[in-house]
Structure formats: structure tokens, C-alpha cells
Amino acid sequence: MDGFLSWLNSYTGALTIGSIAGFLMRVRMLRTDYRQYPTYLHGKIIHLSIGFIAAGIGAVAVPALLEKEYTAITFLALAAQQFREVRKMERETLSKLDESELVPRGASYIEGIAMVFEGRNYLVIISAFLTSLATVAGNSWVGLGVGVALFIVAGFLRLGKYLEEIADISRGELRMEGPSLYVDDIYLMNIGLEENRQKILKKGVGVIVSPKNQDSRITLSNIGQRQAILYDVSVILGVFRDTGEPSLVPLSKRSLGDGRLGLLFLPEVRDPEKVLQIVRRVPVLESAIRMPTEEPKWKGKQG
């Protein structure tokens, strides 16, 4: 027993506990949801394998630095380069998959997902490093305590802002004025064929997204954010269209007067309440966030 406790409090024990803590952190932050990426098996294996490598790098850095093996910094730099390649790989993969979608994610959504995968590997390194450091500085129980605390924190790191936090979402009325399609008072597009007009009025769901402030107004004007809204609803409820039908496509238009978004959805399953629920839970893309109200107050004249 004494030998086991001595092993736990050694560098080897710190490396083991740190690696396990970092790997569990990656498991905690990995899930397959409605975006269907990573895939249910092979995609998860890839990310978990990379996460295990990241955990090992973070955990071994502490003993290496304490033994004045400063070449460990070089390995951390190489790891950062490899994780940037992971981001590039995810971007290219999702871009290829996007070509086969009836309603694509869009470049901004893809970049956001790729950035998250890269960032989470860095979080794994930090978690493994801190757990390993706590084990060496204290003992195995201190290291386990830090690991458990970081595991709990990981649950909060998966969460971001949702659309309902920056905007009010309500049902909009779809109507035709001749060939012109409107949702409430927001013009969407011109529909030439009477058959398509009837299909849209029968299957379509209109939604109005009203920004809560100036910051959210600029955020909602981002094309990538608007495409993310259309994609989330279409991937969850399906979309009533096929290739070669440009009139039957989910669409967003912006009211230039007050910044409201008028949205047209054509779900395979027409359920307006569910559409509203999904729109409320659409993530706010990091690349779309704008905060013009926080600009510095310049003093003096600007030349």
C-alpha cells in the first residue's frame, strides 16, 4: 500500500493522473448532436485519440520542466502546430460535406466548429498540466481534486450564447402580394409560379427575429449567423425542397429600418412552435458577434 501511494505521488503518478484528467475533459466536451459532427464512431475515435495525445503532452510537461528539461517547450509548440492542422482538417472536411446539403451550414458556421475543436485540445493540455502540477506540488488527492473541479468546469465551457439571449423571436405571417412574398411587412422574394406560391403558403413558416439592442442588431446582420439559423431548423425538421427548385428554399431578409430579420422556413414537418424553439436555441457564432457600443470614446478631433 505504501508503495502504491509513493507511486501515486511520484512523477509517474502525476503523469498518469494528469493524462487521465485531460482525457476525461475531452470526453466531457465531445458529443454528437443535431449538427451530426463528429460522426457517431469514427469521428469520435479521431477526436478522442487526439485528445489523449494532448493530455499526455500537458501532463508530461510538468515533470520535464521541474527537471529543467526545457526542450518540453519545443514539444508544446509542435503540439500547437499540429492542433492548427486539426482545425484545418475539420474546416476542409465540413466544407466538403456542406456541398451535399440542401441547406448548407455556411463558412462562418464551419469556421466556428473548426475553431472549437482546436480550442478544446488546448483546454485538454491546460487541464492535464494543472492536474499534474497539483499532484507534484501537493499529493495525488490534491491532483484528483483539481481534476474533478476541471471536469465540472468543462460542462460550462461547452455552453455559449443562444439567439434568444440577443433577440426576441416571434411568429410571422406569410402573405403574397401578387408575386411578392412577405413575412409580416418584410419583403422576402418574388415567386413566379402560382404552384410554388401555394406550396410556400401551405408548408412555410414565417419567423421574425427582433434585435434587443444595437450590438445584437449588427450581429444579426451577419450573413453567416443568418445562414446558421436556416441550417439548424432545416437539419432538425427537414426541408421541403429538392435540387433545382430555387423558389422552395429557406430564406432570410433584413428590414433596413429597424434591423429585424424576416425568416422563411419550409420544414418537412410543419410545426411552428417547434420552429420557434429551435430558432431560440441557435448558437450565436463567435465570428458574427459585434459590439459597436463598446467602441472607445475618442477625444479631440480626428483628422
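This is a predicted model: local features need pLDDT of at least 70, side-chain atom pairs count only at pLDDT 80 or more; totals for chains, interfaces and linings use all residues.

Reader: Which residues have the most contacts inside the largest nonpolar core?

Author: A nonpolar core is a set of buried Ala, Val, Leu, Ile, Met, Phe, Trp, Tyr and Cys residues joined through side-chain atoms within 4.5 Å. Buried means under 20% relative accessible area, exposed over 50%, and partly exposed in between (1.4 Å probe, protein chains only). The largest such core here has 23 residues, and those with the most contacts inside it are Leu163, Val207, Val209, Ile229, Phe265, Val275 and Val279. At least two residues of this core come from each of β1 (167-172), β5 (205-211), α9 (223-237), β7 (261-265) and α10 (272-280); helices (H or I, at least four residues) and strands (E, at least two) are DSSP runs, numbered from the N terminus. A second, separate core of 15 residues includes Ala59, Val86, Ala128 and Leu150.

Reader: Is Val279 buried or exposed?

Author: Val279 counts as buried because its relative accessibility is 0%. Val279 is placed in helix α10. Not counting residues up to four places away in sequence, Val279 touches Leu163, Ile169, Val209, Ile229, Val233 and Phe265. The C-alpha atoms of Val279 and Val233 are separated by 6.9 Å, although the two residues are 46 apart along the chain.

Reader: With which residues is Glu118 in contact, leaving aside its neighbours within four places in sequence?

Author: They are Phe83, Arg84 and Arg87. Glu118 is found in helix α5 (residues 107-137) and, at 7% relative accessibility, counts as buried.

Reader: How is a pocket defined, and which residues line the second largest pocket?

Author: On a 1 Å grid over the protein atoms alone, a pocket is an open set of points where a 1.4 Å probe fits, with protein on both sides within 12 Å along at least five of seven lines; lining residues have an atom within 4 Å of a point. The second largest pocket is lined by Ile17, Ile20, Ala21, Leu24, Thr131, Gly143, Leu144, Gly147, Val148 and Phe151. Helices α2 (11-29) and α6 (140-157) each supply at least two residues of that lining, and α6 gives the most, with 5 residues.

Reader: What is the phi of Asp184?

Author: Most residues other than glycine have a negative phi. Phi of Asp184 is near 55°, a positive value in a residue other than glycine. Asp184 is placed in the loop between β3 (180-183) and β4 (186-190) and is partly exposed, with a relative accessible area of 28%. Ser180 lies in strand β3 and counts as buried at 16% relative accessibility.

Terms used. Residues are numbered from 1 along each chain as its sequence is written. Side-chain values use heavy atoms; hydrogens and water are left out. Contact means heavy atoms within 4.5 Å.
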